[in-house]
Amino acid sequence: MPLSAGPASVVRGRVDLIGEREAPVALSVVQRVSNHTSKNSRWHEWTEISRSVHAEPFYLVRESGEAILVEPGTNTMLADTLETELPPNMPMHRVQRADARRGEVFFAFGDLVQGAHPRAQQQGYRGAEMGWILRPGSSDKRMLLAGDLIATRYAGRISSLHKWALALGIIWILFHLLATLPFVASLAFGTA
């Protein structure tokens, strides 16, 4: 499917690197545990102490081979599987990490514009290489990156929406067929 410039665009592709870091976008959340007891039970709660996001430009390569330059900002949100680490030098703490690594399939949400970048495939004005660039949204200055996990997590909902779309499409066609049938019949069999 061809891309078109505009706000609130979603692009899907495999992560490819520009720099030397294996993960151009990485999230780390440090949490501390609070243990609680009551008369008959024990439980614990994790409280977030700090959160850090490292984000640098990378490419999303579509199935067609087209490379889209992704320029994440400081407000980048990453939705992916969290890996938990228990640092030995920090008792009562855990670190949860998520990252976008080379070769992983991701969805990126932001504003899609055309511009020059090294892996662009289209010829622009005066021979400049023009390609697609995805930037944080102009309204909220955020970019959302979501791994393929999001599609599997909402598979039931996606299937339900597909069924509803099909059913409503069929109802729309039947309604318009019945509503325009007298007009079409008078055109075909009527007299002037």
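Patches are made of residues with over 30% relative accessible area and no salt bridge, where like charges are joined within 9 Å and nonpolar side chains (Val, Leu, Ile, Met, Phe, Trp, Tyr) within 5 Å. Accessible areas come from the Shrake-Rupley method with a 1.4 Å probe, and for residues only the protein chains shown count as cover. A salt bridge is a side-chain nitrogen of Lys or Arg within 4 Å of a carboxyl oxygen of Asp or Glu.

The model on screen is predicted: local features need pLDDT of at least 70, side-chain atom pairs count only at pLDDT 80 or more, and totals for chains, interfaces and linings use all residues. Residues are numbered from 1 along each chain as its sequence is written, and side-chain values use heavy atoms, with hydrogens and water left out.

**Stop 1: the surface patch**

Select V10, M77, F109 and L144. These residues form a nonpolar patch on the surface, with about 330 Å² of accessible area together. V10 belongs to strand β1; helices (H or I, at least four residues) and strands (E, at least two) are DSSP runs, numbered from the N terminus. V10 counts as exposed because its relative accessibility is 52%; the classes are buried (under 20% relative accessible area), exposed (over 50%) and partly exposed (in between), with a 1.4 Å probe and protein chains only.

Now select A8, also a residue of strand β1. Its phi is positive, about 55°, although A8 is not a glycine. With 51% relative accessibility, A8 counts as exposed.

**Stop 2**

Select residues 58-61, which make up strand β4. In a regular strand the side chains alternate between the two faces of the sheet. Here F58 and L60 point one way, Y59 and V61 point the other way, and all are buried.

Two strands pair if DSSP finds at least two bridges between them. D16 stands opposite Y59 in β4.

β4 and β5 form a hairpin with five residues between them, and G65 in the turn has a positive phi of about 95°.

Then show G19, in the loop between β1 and β2 (25-37). G19 is partly exposed, with a relative accessible area of 34%. The C-alpha atoms of G19 and F58 are 7.9 Å apart in space, while the two residues are 39 apart in sequence.

**Stop 2: salt bridges**

Side chains of opposite charge can pair when their charged atoms come close.

- Select R102 and D16, whose side chains meet in a salt bridge at 3.6 Å, N to O. The pair links distant parts of the chain, 86 residues apart: R102 is in the loop between β8 (93-100) and β9 (105-116), and D16 is in strand β1. R102 counts as partly exposed at 47% relative accessibility, whereas D16 is buried, with a relative accessible area of 19%.
- Select E66 and R62. Their side chains meet in a salt bridge at 3.1 Å, N to O. Are E66 and R62 buried or exposed? Both are buried.
- Select E71 and R135. Their side chains meet in a salt bridge at 2.7 Å, N to O. This pair also links distant parts of the chain: E71 in the loop between β5 and β6 (76-79), R135 in strand β11 (residues 129-135), 64 residues apart. E71 is partly exposed, with a relative accessible area of 26%, and R135 counts as partly exposed at 36% relative accessibility.

**Stop 3: two single residues**

Select V53 in strand β3 (residues 42-55). V53 counts as partly exposed at 34% relative accessibility. Its C-alpha atom is separated by 8.8 Å from that of V29, 24 residues apart along the chain.

Move to M92, in the loop between β7 (83-85) and β8. M92 is a residue other than glycine with a positive phi, near 70°. At 41% relative accessibility, M92 counts as partly exposed.

**Stop 4: helix α2**

Select residues 155-189, helix α2. The expected span of a helix is 1.5 Å times one less than its number of residues. The 35 residues of α2 should therefore span 51 Å, and the end C-alpha atoms are 49 Å apart, which agrees.

Where is the kink in α2? Centre on L181: a kink of about 45° lies there, shortly before the proline P182. The bend at a residue is the angle between axes fitted to the seven residues ending there and the seven starting there.
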